[in-house]
Amino acid sequence: MSGSRVLGTGSALPRRVVTNAELAETVDTSDEWIVARTGIRQRYVAGEGETTSTLAIAAARAALADAGVEASSIGLIVLATATPDNTFPATATKVQAALGCQGGIAFDVAAVCSGFLYALATADSLLKTGMATRALVIGAETFSRILDWEDRTTCVLFGDGAGAVVLEAPSGEADGAGILGTRLHADGDQHDLLYVDGGPSSTQTVGHVRMRGPEVFRHAVVNLAAVLREVLEDTGVSVNEIDWVVPHQANARILDATARKLGLAPEKVVVTVHDHANTSAASVPLALDVARKDGRIKPGDLVMLEAMGGGFTWGASLIRM
Ligand code: COA
């Protein structure tokens with residue numbers, strides 16, 4: 001049986017664009033280095049009045065409009081973020097209040113850059129058990145607020161944004177649409193390769209992103225290729241049958257290397273990293289929304305989502321749109 005169905009998608013970005021050239025005015029870097037090593041040309045950075053919740057709310061409204069459903073029909077909100085507005089309550093509850101659909105379930109999921117995959121799998125599972133019939137699954141981040149803007153090895157890589165998906169419980173329709181298979185993993189031994197050096201219970205500060213980039217890169221290619229193969233095996237789908245891969249947008253070279261390892265045609269990979277940089281949990285739903293709205297991803301297409309992030313955590317999900 002197919003899993004939950006995608007009814008609509010939406011996304012939101014802060015007003016302000018920051019180019020590589022602008023960053024080069026304050027840290028020792030260059031547009032050439034950033035483009036050659038990452039593919040990133042610009043990122044969006046939240047300004048006054050823009051927070052993870054305002055971006056999430058805008059993306060959620062866009063997804064509801066795209067799906068053509070009322071906010072009142074949403075019984076579950078799962079929001080993936082590593083940059084919540086407050087330590088608590090969950091940012092998902094702010095979204096719920098803004099949309100006016102109180103009374104259902106709302107909570108955040110923390111799995112950093114693979115947060116959206118974790119949130120999607122959680123929502124899919126809850127919908128299948130009948131806890132709700134419609135869900136909003138959101139990835140929203142303001143990573144600009146946890147960057148060390150003097151550390152050129154991290155500050156050039158990230159951006160802010162949000163993406164959202166309206167998901168509906170499996171209806172048993174014959175078209176086969178829905179989530180076909182998902183795999184999630186974590187390896188807590190890799191904590192020190194990518195983490196934030198602060199938190200309420202350790203330092204009572206928010207902290208900054210710290211990363212050993214080249215090591216993260218190597219793990220990412222191996223783990224992502226492996227988890228994609230697992231989902232293909234689980235679902236009995238061959239790599240050639242995939243219409244689109246919507247990966248986490250960390251680095252264009254990771255996307256190329258993973259596609260090569262799998263024998264996947266590069267033109268099937270949705271790439272938005274040049275525009276958005278790495279928006280952590282927001283990157284997969286943002287890219288999914290871009291590729292649906294520009295007409296690349298169509299109803300009936302077979303779409304593979306995949307991501308890896310701090311923890312490490314990683315996962316992939318195959319969806320018939
Ligand atoms: N501008 C200019 N030079 C920079 C720089 C910057 N922004 N950042 C690092 N450098 C320098 C380094 O200091 C190093 O200099 P050295 O050779 O004199 O020591 C050189 O560039 C190469 O650095 P290195 O870290 O080996 O480059 P890289 O090719 O591995 O690219 C990353 C660095 C971070 C772009 C890359 O490793 C990466 O994308 N890793 C994965 C990141 C990721 O996916 N994170 C999120 C996972 S969710």
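Q: Which strands each supply at least two residues of the lining of the largest pocket?
A: Bearing in mind that this is a predicted model, the strands are β5 (105-109) and β9 (194-196), each of which supplies at least two residues of that lining. β9 gives the most to the lining of the largest pocket, with 3 residues.

Q: OK, and what volume does the largest pocket have?
A: The computed volume of the largest pocket is about 900 Å³. There are 38 residues lining the largest pocket, and those closest to its centre are Ala-82, Thr-83, Pro-84, Val-196 and Val-206.

Q: How do the residues of that lining divide into nonpolar, polar and charged?
A: The lining of the largest pocket divides into 19 nonpolar, 16 polar and 3 charged residues. Both domains take part, since domain 1 (5-168) and domain 2 (178-320) each contribute at least three residues to the lining of the largest pocket.

Q: Moving on, what volume does the second largest pocket have, and which residues are closest to its centre?
A: The second largest pocket has a volume of about 680 Å³. It is lined by 31 residues, of which Leu-157, Met-211, Gly-213, Pro-214 and Asn-251 are the closest to its centre.

Q: Which elements give two or more residues to that lining?
A: The elements that give two or more residues to the lining of the second largest pocket are the helices α2 (31-38), α6 (152-155), α7 and α8, together with the strand β12. α7 gives the most to this lining, with 6 residues.

Q: And by class, what does the lining of the second largest pocket have?
A: By class, there are 17 nonpolar, 9 polar and 5 charged residues in the lining of the second largest pocket. This lining, too, draws at least three residues from each of domain 1 (5-168) and domain 2 (178-320).

Q: Which residues line the largest cavity?
A: The largest cavity is lined by Leu-228, Val-245, Pro-247, Leu-255, Thr-258, Ala-259, Leu-262, Leu-264, Val-269 and Glu-306. By class, that lining has 8 nonpolar, 1 polar and 1 charged residues. At least two residues come from each of β11 (244-247) and α8, and α8 gives the most, with 4 residues.

Q: Now the packing: in the largest nonpolar core, which residues touch the most other members?
A: Val-209, Ile-242, Leu-264, Met-304 and Phe-312 touch the most other members of that core, which has 47 residues. The elements that give two or more residues to this core are α7 (213-235), α8 (252-262), β12 (302-309) and β13 (313-320). The largest share, 10 residues, comes from α7, and the core draws at least three residues from each of domain 1 (5-168) and domain 2 (178-320).

Technical notes
Residues numbered from 1 in each chain as written. Predicted model: local features only at pLDDT ≥ 70, side-chain atom pairs only at ≥ 80, totals over all residues. Heavy atoms only, no water. Core = buried A, V, L, I, M, F, W, Y, C linked by side-chain atoms within 4.5 Å. Buried < 20%, exposed > 50% of the residue type's maximum accessible area, 1.4 Å probe, protein only. Domains from an automatic or database assignment. 1 Å grid on protein atoms, 1.4 Å probe; cavity = no way out; pocket = protein on both sides within 12 Å on 5 of 7 lines; lining within 4 Å. Points joined across faces, edges and corners; volume = space filled by probe spheres on them. Nonpolar A, V, L, I, M, F, W, Y, C, P; charged D, E, K, R; others polar.
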